[in-house]
Amino acid sequence: MSEKNEQGKRAARDRLVQQRERQKASERRRRTLIVTSAVVGVLALAAVVGVIAANSGGKSDKSDAGPAVAPSGAIGKDSLAIGVGADNAPSTLTIWEDFRCPVCAQFENAFRDAIHQLENTGQVRVEYHLATLIDGNLGGSGSLRAANAAACAQDAGKFPAYHDVLYSNQPQETDDAFGDNAKLIELSGKVPGLDTPGFRSCVDDGKHDSWVKKSNTAFQNGGFQGTPTALLNGESIFPKKGNEPITVANLKKWVAEANKGKKPGTVTPAPSGS
């Protein structure tokens, strides 16, 4: 009887083990299904976002309400760039940006000090071009409103400082906080001497809206892949140059290589607050 009891206990234990294994296998299948569904959902969402970006990126803005009024000192073709640094710097860093673009903020916050150092030593002249891709993709007007405000800051000779303030205080991509002129004026208080009646009027009146839209159209027609786009003497360096990823050290190295044997530009003192 004891042997039969022992066999019965072993059989019961075996059944219990088998049941537990079946439960584990079922749980693994359930988790796999959940993960697979989540991945498919993410890929589907990415595909939708990609379609939205592609569709909006190819459209020209037809809503220009008037002539494009370029900000003071704008340079380049059709005066669509804002230049920072020595006019005769041996190299040019061209940057296309959208003030609502989170990757643009990451780029600026990571490379800001290095870029300013290169500017301030006459190594590069930076040409900023403004785009409004996020407005087109997600709706709202924060890209346009912030770009207009930045152009107004250029009129006051304080674009570099205000440009940096906007990126240091950028809201979440889906938060159209920059669509509120009052917010943009509030942030101008972080730049000494910028919050003036003239600046406020320029922001509220959308003085440079048509210029910003024209700049965005130039971006769309330029064959660029997205923002930020960074070019050193016309060659793309973001997210990499050739096989080398962009880093602060590599950026300085690339500029040094491009400037080899050339004199630095003549740097003039920056306006107060810049």
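How many aromatic pairs does a search of the whole structure find? The search finds 8, and one of them comes up in point 5.

1. A word on the model before anything else. This is a predicted model, where local features need pLDDT of at least 70 and side-chain atom pairs count only at pLDDT 80 or more, while totals for chains, interfaces and linings use all residues. Residues are numbered from 1 along each chain as its sequence is written, and side-chain values use heavy atoms, with hydrogens and water left out.

2. (Strands are DSSP runs of E, at least two residues; helices are runs of H or I, at least four; both are numbered from the N terminus.)

3. Strand 1 runs antiparallel to strand 3 (residues 124–130), and 3 bridges join them. G83 has E127 in strand 3 as its bridge partner. Contact here means heavy atoms within 4.5 Å.

4. Next, look at helix 4 (residues 142–155), which packs with helix 5 at about 155 degrees, the axes 8 Å apart. Axes are lines fitted to C-alpha atoms, for helices over the stretch in contact, and angles run from 0 to 180 degrees between N-to-C directions. The two helices are therefore roughly antiparallel (over 145 degrees; under 35 is roughly parallel, 65 to 115 roughly perpendicular, the rest oblique). On the helix 4 side, A146, A149, A150, A153 and Q154 meet F159, Y162 and L166 of helix 5.

5. F159 also forms an aromatic pair with Y128, 5.5 Å centre to centre and tilted, with 55 degrees between the planes. The pair links distant parts of the chain, since Y128 is in strand 3 and F159 in helix 5, 31 residues apart. (Rings of Phe, Tyr and Trp, its six-membered ring, pair with centres within 6.5 Å; planes under 30 degrees apart are stacked, over 60 edge-to-face, the rest tilted.)

6. Finally, helix 2 (residues 102–120) and helix 5 (residues 159–168) have axes that come within 9 Å and cross at roughly 140 degrees. Helix 2 and helix 5 are therefore oblique. Residues of helix 2, including R112 and H116, meet H163, D164, Y167 and S168 in helix 5.

Notes: Pairing = 2+ DSSP bridges.
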